[in-house]
Amino acid sequence: MAVRFRKSDGGGQAASKAAVAALKLDGHVTFEELLAVVTKAHGKPIELRDIDHSVIPAVTGLWIEKDKKSIILLPAGDNRLHRTHAACHEFGHILLRHQGCGGVETSMPSVFQHVGSRKGIKRMLARSLDWNETERAAEHVAYLLSLALLPHERESPSDFERTFM
């Protein structure tokens, strides 16, 4: 599975920074605290669900928006760090109010067209193999949110020490 990258014009970074700044995260937060803050910004509950990787093999995270809640599907077998980053990526789509990214159409062309309308699904976004501006913006949000999850270490006393960090 090859991921295709295109050069970004950098325009999405300002929107990503603004979306994360609007959360008003004060220093280090836990994942549970981050989930609560993103849920509040989204205006409806966000449920994280494990799925077997074989169900949707080409997808590392999938956001499904319904009228009364959103669901993020994450492969159960992935390690905690990867699952956390995938959740933060989907939070990026939520915070940036993305309408679509092409990931679902690419990896599952017609699976949800029939099921989705019967189950009240308004929107569904998955990581796309073709990294467009929407994917890059969500990924930038994921990196910014991940920084808030990292414990803040004391400032290194020397430039030499900082070289190795």
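**Figure 1. R97 in the loop between α3 and α4 of the predicted model.** R97 is found in the loop that joins α3 to α4 (103-107), where helices (H or I, at least four residues) and strands (E, at least two) are DSSP runs numbered from the N terminus. Although R97 is not a glycine, its phi is positive, at about 55 degrees. With a relative accessibility of 55%, R97 counts as exposed; buried means under 20% relative accessible area, exposed over 50%, and partly exposed in between, with a 1.4 Å probe and protein chains only. This is a predicted model, in which local features need pLDDT of at least 70, side-chain atom pairs count only at pLDDT 80 or more, and totals for chains, interfaces and linings use all residues. Residues are numbered from 1 along each chain as its sequence is written, and side-chain values use heavy atoms, with hydrogens and water left out.

**Figure 2. K24 in the loop between α1 and α2.** K24 has its place in the loop between α1 (11-21) and α2. The phi of K24 is near 55 degrees, which is a positive value in a residue other than glycine. Its relative accessibility is 66%, so K24 counts as exposed.

**Figure 3. The packing of helix α2 against helix α3.** Two packed helices are described by the angle between their axes and the distance between the axes. For helix α2 (residues 31-42) and helix α3 (residues 80-95), the axes come within 10 Å and cross at roughly 15 degrees; axes are lines fitted to C-alpha atoms, for helices over the stretch in contact, and angles run from 0 to 180 degrees between N-to-C directions. The two helices α2 and α3 are therefore roughly parallel to each other, given that angles under 35 degrees count as roughly parallel, over 145 as roughly antiparallel, 65 to 115 as roughly perpendicular and the rest as oblique. Their crossing is left-handed, a term used if the near helix is turned anticlockwise from the far one by less than a right angle, with right-handed used if clockwise. On the α2 side the contact is made by F31, L34, L35, V38, A41 and H42, and on the α3 side by T84, A87, C88, F91, I94 and L95; contact means heavy atoms within 4.5 Å. Sorted by class, the contact of α2 with α3 has ten nonpolar, two polar and no charged residues, where Ala, Val, Leu, Ile, Met, Phe, Trp, Tyr, Cys and Pro count as nonpolar, Asp, Glu, Lys and Arg as charged, and the others, Gly among them, as polar.

**Figure 4. A41 in helix α2.** A41 is found in helix α2 and is partly exposed, with a relative accessible area of 36%. Not counting residues up to four places away in sequence, A41 touches L23, L95 and R97. The C-alpha atoms of A41 and I94 are separated by 8.9 Å, whereas along the chain these residues are 53 residues apart.

**Figure 5. The packing of helix α3 against helix α6.** The axes of α3 and helix α6 (residues 133-149) are 7 Å apart, and the two helices pack at an angle of about 120 degrees. Helices α3 and α6 are therefore oblique to each other, and α3 passes α6 in a right-handed crossing. The contact is made by T84, H85, C88, H89, F91, G92, H93 and L95 of α3, together with T134, E135, A138, E139, V141, A142, Y143, L145, S146 and L149 of α6. By class, this contact of α3 with α6 has nine nonpolar, seven polar and two charged residues.

Figure 6. E90 lies in helix α3 and, at 0% relative accessibility, counts as buried. G61 is found in the loop between β2 (46-51) and β3 (62-66), and G61 likewise counts as buried, at 1% relative accessibility. I64 is found in strand β3 and counts as buried at 7% relative accessibility. E90 and I64 are 26 residues apart in sequence and 9.6 Å apart in space, C-alpha to C-alpha, while the C-alpha atoms of I64 and E47, which are 17 residues apart along the chain, are separated by 9.7 Å.
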